[in-house]
Amino acid sequence: MQMNRSIGSHFKIPPGWMNLTSMIALSTWIIIYEQVYIPQARKLTIKYKRLTMQQRISTGIFMSILCMVVAGVIEKKRRDSATKHGLFTSPISFTFLLPQFFLSGLTEAFAAVAVMEFFTTQMPESMRTIAGAVFFLSLSVASYMGSLLVNIIHCATRKRGKLPWLGGHDLNENRLDYYYYVVAALATLNFIYFNFFASHYISSIGVGSGRSPESSIDYHPRNLSESERENERKDLERDGRN
């Protein structure tokens, strides 16, 4: 991390600690969602108290696009600052990286949790125990595809004797910001595909029952207390009478 990592005059933050920002963002959103949003929504209406899977996945994909755009802008600012002063390490503070890590945590809070829920609710009863395995398998495939993308960009950009966008030990000689923009463009295509095609399947899950899939106790993965389950049953019975 070729940035100013100093906090005070005697401490430099380890690069690995930056991931704590994502975890804090994830935990903060879960607390807000469970302790603020759901209770307030329950007071206002008895229907669709939770955000639907489609809404959460769409929001998560949008957050990933925003994360990559922010990362590209900050990387360009860092690189320009380092080259302007002729330094290996940019004088810009590491705190400029916090927004992209925060957005990364929100991406996981929205999309990853919703995708896990999707696998859990849509698999047959006898296969739900492997839903977690399927979810992490998809993450593994995504990691391999990410590595493939890095290799493709590296090979494509080093032709004609030019310095590649990626590779080497000096980020100032690379164009990591361009790589972020490429990932943002791919995420935009994914966002378009999901909202115009894949989301139609998720939207049709509750058809016939007249309720959102999140309103079903049997298919909701969150562990509810006895009082919460009783409230859910009363809500469903009231919906049925209406």
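**Reading the model**

Author: Helices (H or I, at least four residues) and strands (E, at least two) are DSSP runs, numbered from the N terminus. This is a predicted model: local features need pLDDT of at least 70, side-chain atom pairs count only at pLDDT 80 or more, and totals for chains, interfaces and linings use all residues. Residues are numbered from 1 along each chain as its sequence is written, and side-chain values use heavy atoms, with hydrogens and water left out.

Reader: Which residues does Thr-120 touch, not counting residues up to four places away in sequence?

Author: First, the term: contact means heavy atoms within 4.5 Å. By that rule Thr-120 touches Arg-128 and Ala-131. There is also a polar contact, a pair of N or O atoms within 3.5 Å; within protein, one must be able to donate a hydrogen and the other to accept it, and residues adjacent in sequence count only if both atoms are side-chain atoms. Here the Thr-120 side chain reaches the backbone oxygen of Met-116 at 2.9 Å.

Reader: How many helices and strands does the chain have?

Author: Six helices and two strands. Read from the N terminus, the order is β-β-α-α-α-α-α-α.

Reader: How do I check the span of a helix, say α1?

Author: The expected span is 1.5 Å times one less than the number of residues. Helix α1 (residues 19-44) has 26 residues, so it should span 38 Å; its end C-alpha atoms are 37 Å apart, which agrees. Now try α3 (98-122). Its 25 residues reach 36 Å from first C-alpha to last, close to the 36 Å expected. For α4 (131-157), 27 residues reach 39 Å, close to the 39 Å expected.

Reader: Where is the kink in α1 centred?

Author: The bend at a residue is the angle between axes fitted to the seven residues ending there and the seven starting there. In α1 the kink is about 35° and is centred on Tyr-33. α3 bends too, by about 30° at Glu-108.

Reader: Which residues of α1 are buried?

Author: Buried means under 20% relative accessible area, exposed over 50%, partly exposed in between (1.4 Å probe, protein chains only). In α1 the buried residues are Thr-21, Ser-22, Ala-25, Leu-26, Tyr-33, Ile-38 and Ala-41. They pack against α3. Helix α4 has buried residues as well: Ala-131, Gly-132, Phe-135, Ile-153 and Thr-157. Across the chain, 36% of the 242 residues are buried.

Reader: Is Leu-189 buried or exposed?

Author: Leu-189 is in helix α5. It is exposed, because its relative accessible area is 54%. Its C-alpha is 10.0 Å from that of Ile-65, 124 residues apart along the chain.

Reader: How many residues are in the largest nonpolar core?

Author: A nonpolar core is a set of buried Ala, Val, Leu, Ile, Met, Phe, Trp, Tyr and Cys residues joined through side-chain atoms within 4.5 Å. The largest has 17 residues. Met-68, Leu-166, Leu-176, Tyr-179 and Tyr-180 have the most contacts inside it. The elements giving two or more residues to this core are α1, α2 (53-85), α3 and α5. α5 gives the most, with five residues. A second, separate core has eight residues, including Met-3, Ile-13, Ile-74 and Leu-97.

Reader: Where does Trp-165 lie?

Author: Trp-165 lies in the loop between α4 and α5. Its relative accessible area is 25%, so Trp-165 is partly exposed. Leave aside neighbours within four places in sequence, and its contacts include Ile-153, Leu-176 and Tyr-179. Trp-165 and Ile-153 are 12 residues apart in sequence and 7.3 Å apart in space, C-alpha to C-alpha.

Reader: Why does Asp-170 count as buried?

Author: Because its relative accessibility is 19%. Asp-170 is found in the loop between α4 and α5 (176-203). Its side chain reaches the backbone nitrogen of Asn-172 at 3.0 Å. Leaving aside neighbours within four places in sequence, Asp-170 is in contact with Gln-2 and Phe-88. Asp-170 and Gln-2 are 168 residues apart along the chain, yet their C-alpha atoms are separated by 8.4 Å.
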